[in-house]
Amino acid sequence: MPAGTLYRGREGMWSWVAHRVTGVLIFFFLFVHVLDTALVRVSPEAYDDVVSTYKTVPVALLEYGLVAAILFHALNGLRIVAVDFWAKGPRYQKQMLWTVLGIWIVLMVGALYPVLGHAARELFGS
């Protein structure tokens, strides 16, 4: 392999990887959601049991992760559209990625409040 042709993993590669990982996670959630909803036709009691497991702290944290994945995927998708359809997009793709990450962090910190409130109610009662 000639020197200088090995991709070293800059921001573009990591955003590409994160976009695909979040897409797979969202697909997995939708698949599980369809399965658990279909369970109501098979056995309403089993459906109730499954839904009751959703009211736990670990699942609340997984829901927070789902929100994080959806939000990043959406914001990064807008960045990808800008890179693809804006003439200056490729030139500013790195700055747009850092902007996406900044907006994502601010929104995720704001989304922590309901998750922590739910976890506190489950752990300590209300």
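Colleague: What are the ground rules?

Modeller: The model is predicted: local features need pLDDT of at least 70, side-chain atom pairs count only at pLDDT 80 or more, and totals for chains, interfaces and linings use all residues. Residues are numbered from 1 along each chain as its sequence is written, and side-chain values use heavy atoms, with hydrogens and water left out.

Colleague: And what counts as a helix?

Modeller: Helices are DSSP runs of H or I, at least four residues, numbered from the N terminus.

Colleague: OK, α1. How far does it reach from its first C-alpha to its last?

Modeller: α1 has 32 residues and reaches 47 Å. The expected span is 1.5 Å times one less than the number of residues.

Colleague: Which residues of α1 are buried?

Modeller: E11, S15, H19, T22, I26 and D36. Buried means under 20% relative accessible area, exposed is over 50%, and partly exposed is in between, with a 1.4 Å probe and protein chains only.

Colleague: What do the buried residues of α1 pack against?

Modeller: They pack against α2 (44-53), α3 and α4.

Colleague: Take H19. Where does it lie?

Modeller: H19 lies in helix α1, which runs over residues 11-42. H19 counts as buried because its relative accessibility is 13%.

Colleague: Which residues does H19 touch, beyond four places in sequence?

Modeller: F72, H73, N76, G77 and I80. Contact here means heavy atoms within 4.5 Å.

Colleague: How do the axes of α1 and α3 cross?

Modeller: They cross at roughly 130° and come within 9 Å. That makes α1 oblique to α3. Angles under 35 degrees count as roughly parallel, over 145 as roughly antiparallel, 65 to 115 as roughly perpendicular and the rest as oblique. Axes are lines fitted to C-alpha atoms, for helices over the stretch in contact, and angles run from 0 to 180 degrees between N-to-C directions.

Colleague: Left-handed or right-handed, when α1 passes α3?

Modeller: The crossing of α1 and α3 is left-handed. Left-handed means the near helix is turned anticlockwise from the far one by less than a right angle; right-handed means clockwise.

Colleague: Which residues in α1 and α3 meet?

Modeller: On the α1 side, S15, A18, H19, T22, G23, I26 and F29. On the α3 side, L66, A69, I70, F72, H73, N76, G77, R79 and I80.

Colleague: Switching to α4. What span should it have, and what are its end C-alpha atoms doing?

Modeller: α4 covers residues 93-124, so 32 residues at 1.5 Å each should span 46 Å. Its end C-alpha atoms are 45 Å apart, which agrees.

Colleague: Where does α4 bend?

Modeller: At L112, by about 25°. A proline, P114, follows within four residues. The bend at a residue is the angle between axes fitted to the seven residues ending there and the seven starting there.

Colleague: What follows α4?

Modeller: G125, with a positive phi near 75°.

Colleague: Which residues of α4 are buried?

Modeller: M96, L97, V100, M108, V115 and A119. They pack against α1 and α3, the latter being residues 57-85.

Colleague: At what angle do α3 and α4 pack?

Modeller: About 160°, with their axes 9 Å apart. That makes α3 roughly antiparallel to α4. The crossing is right-handed.

Colleague: And α1 with α4?

Modeller: Their angle is about 50°, with the axes 10 Å apart. That makes α1 oblique to α4. This crossing is left-handed. E11, G12 and S15 in α1 meet Q93, K94, L97 and W98 in α4.

Colleague: V100: buried or exposed?

Modeller: V100 is buried, with a relative accessible area of 8%. Beyond neighbours within four places in sequence, V100 contacts F72, L75, N76 and R79.

Colleague: How far is V100 from F28?

Modeller: They are 24 Å apart in space, C-alpha to C-alpha, and 72 residues apart in sequence.

Colleague: Last one, L62. Buried or exposed?

Modeller: L62 lies in helix α3. L62 counts as exposed because its relative accessibility is 62%. L62 and A82 are 20 residues apart in sequence and 30 Å apart in space, C-alpha to C-alpha.

Conventions:
Helices (H or I, at least four residues) and strands (E, at least two) are DSSP runs, numbered from the N terminus.
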